Amino acid sequence: MSTHTKYHLITLGCQMNLSDSERVVSVLNDHGYTWTDNEEEAGLIGILACSVRQKAIDKVYSRIHKWNKWKNHKNLITFISGCMLPDDHEKFLKLFDITFQMKDLPKLPEMISQYGVTSPAHLNPGIDPHNKNIEEFWSVKPSYQSDYEAFIPIQNGCDKFCTFCAVPYTRGREVSRPSKDILAEIALLVAQGYKSITLLGQNVNSYGLDKKGSEIQFPELLRQVGEMGLRMNKEFWVYFTSPHPRDMTDEVIEVISQYPVLAKQIHLPMQSGDDKVLIRMNRKHNMEKYRHIVHTIRRLIPEATLFTDIIVGFTGETEEQFENTRKAMEEFKFNMSYTAIYSPRPGATSHRWADDVPLDEKKRRLHVLTEELRKHNLGNNNRLIGKTIKVLVRGTDRKPGYLSALTEGKLIVRFPENDQNLIGQFADVKVTSASDFSLEGELVNIEQVA
Ligand code: SF4
């Protein structure tokens, strides 16, 4: 296949797949392939799949059947990678020309040029649970999609085996990326003017544990990032997602409180506010532990915003157990909750259990939690009226004539302004009004940060 071939890539699933796609784009661009937005003119089409959600897998099937029909009248090579359960992987072998595991990305151009000879994963379908060669993948320089906001993988895989989740089966066991590479990537991005950096992993705060003493651990990684911020004398915010409550130590919170570049926003998935449900979810944390973490955050970083993930209607969840989740929400007053209705995920342990909470009841529980969030968020947001807050401008708002921005705590702020040059810049906005999920204000200052 000519290296002048145009390619198109579709990315499904979470932020981790989006981050992976930045490396796929780099490898293809470096080998002379050129991107096209139009899949119909592409000679090479790839997809980064997500077996974690059935809907995403259904999308893969509908696309590949369409592309395979196109092969009757044009030359086309298709490939697939991403988060795949072994079963899905095996089915895709018959449908795609090339299947590979992300750790084999550096070999993709070779697989394309010798189309038909595909990755070892093709010969031996299934997921390598130990993620060998993942460091080779990490060494690929990504083609960042933004020039002010970047996502940096620090770890791949998961050892936790929550019963509702398929990730440990799609991405294998936890492997930590070398800290020197992570720190070098952050330093490079900050030197280029990046303002928002998110450290990415399935369980970021168990970073380093797999290396059994030969690598630093998460609090020390954060400390070194914080020290870098002091040394570089640049303004930027560093986030991480997602931590697991089980591995959330006081030390992590202390370090965040000590360094200005470590953003004062913490995403701490709770999933349920009931200990019995947490046990059946195999979450390995209980509410006492969760409460201790939240109290420590409030004590050491009172200005921090707190985000969470919650599942309602998990298999067997009683009304009383759900009520414990509602009470926890009332108690912790999260700034944001990504609340999902439970649905069995193929490949996850709970897929074998009865999905016994009726859909209408799940929807009611979702509604109750959304109202709870709305209620206290309005109070939280109203308290910001009249204050001037630093924001990072991120794009045009849906409201015509307005730009949209995020505070350090990831609260959404819109303000009247048409100057697109502000996108990617820090600015100060005075909050003039608040609603349950956003703030509105007026621009008072544009920060000229080097
Ligand atoms: S939900 Fe549980 S199993 Fe899934 S990635 Fe997170 S910690 Fe791992």
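Colleague: Which residues are around the ligand?
Modeller: In this predicted model, local features need pLDDT of at least 70 and side-chain atom pairs pLDDT 80 or more, whereas totals for chains, interfaces and linings use all residues. Residues are numbered from 1 along each chain as its sequence is written, and side-chain values use heavy atoms, without hydrogens and water. With a residue counted when one of its heavy atoms lies within 4 Å of the molecule, the residues around the ligand are Cys 158, Lys 160, Phe 161, Cys 162, Phe 164, Cys 165, Val 167, Pro 168, Gln 202, Asn 203, His 244 and Arg 283.

Colleague: How do the residues of this shell divide into nonpolar, polar and charged?
Modeller: Here Ala, Val, Leu, Ile, Met, Phe, Trp, Tyr, Cys and Pro count as nonpolar, Asp, Glu, Lys and Arg as charged, and the others, Gly among them, as polar. On that scheme, the shell around the ligand has 7 nonpolar, 3 polar and 2 charged residues.

Colleague: Where does the ligand sit?
Modeller: A pocket is an open set of points on a 1 Å grid over the protein atoms alone, with protein on both sides within 12 Å along at least five of seven lines, while a cavity is a set where a 1.4 Å probe fits but cannot get out; lining residues have an atom within 4 Å of a point. A molecule sits in one if more than half of its atoms lie within 2 Å of its grid points, and by this test the ligand sits in the largest pocket.

Colleague: What is the space in the largest pocket?
Modeller: Its lining is made up of 50 residues, with Cys 14, Thr 241, Ser 242, His 267 and Asp 309 nearest the centre, and by class it has 26 nonpolar, 15 polar and 9 charged residues. With the volume taken as the space filled by probe spheres set on the points, joined across faces, edges and corners, the space in the largest pocket is about 1400 Å³.

Colleague: Which peptide bond is cis, with omega near -10°?
Modeller: Ser 242 belongs to the loop between strand E10 (237-241) and helix H10 (250-258), where helices (H or I, at least four residues) and strands (E, at least two) are DSSP runs, numbered from the N terminus. The cis bond is the one from Thr 241 to Ser 242.

Colleague: What is the phi of Phe 161?
Modeller: Phe 161, one of the residues around the ligand, is placed in the loop between strand E7 (155-156) and helix H7 (167-171). Although Phe 161 is not a glycine, its phi is positive, at about 55°.

Colleague: Why does the second largest pocket lie between two domains, and which are they?
Modeller: This pocket has a volume of about 560 Å³, and of its 20 lining residues, Glu 303, Ala 304, Thr 305, Leu 384 and Leu 411 are the closest to its centre. Helix H14 (359-382) and strand E14 (388-396) are the elements that give two or more residues to the lining. Because both domains (bounds from an automatic or database assignment) give residues to its lining, the pocket lies between domain 2 (134-381) and domain 3 (388-446).
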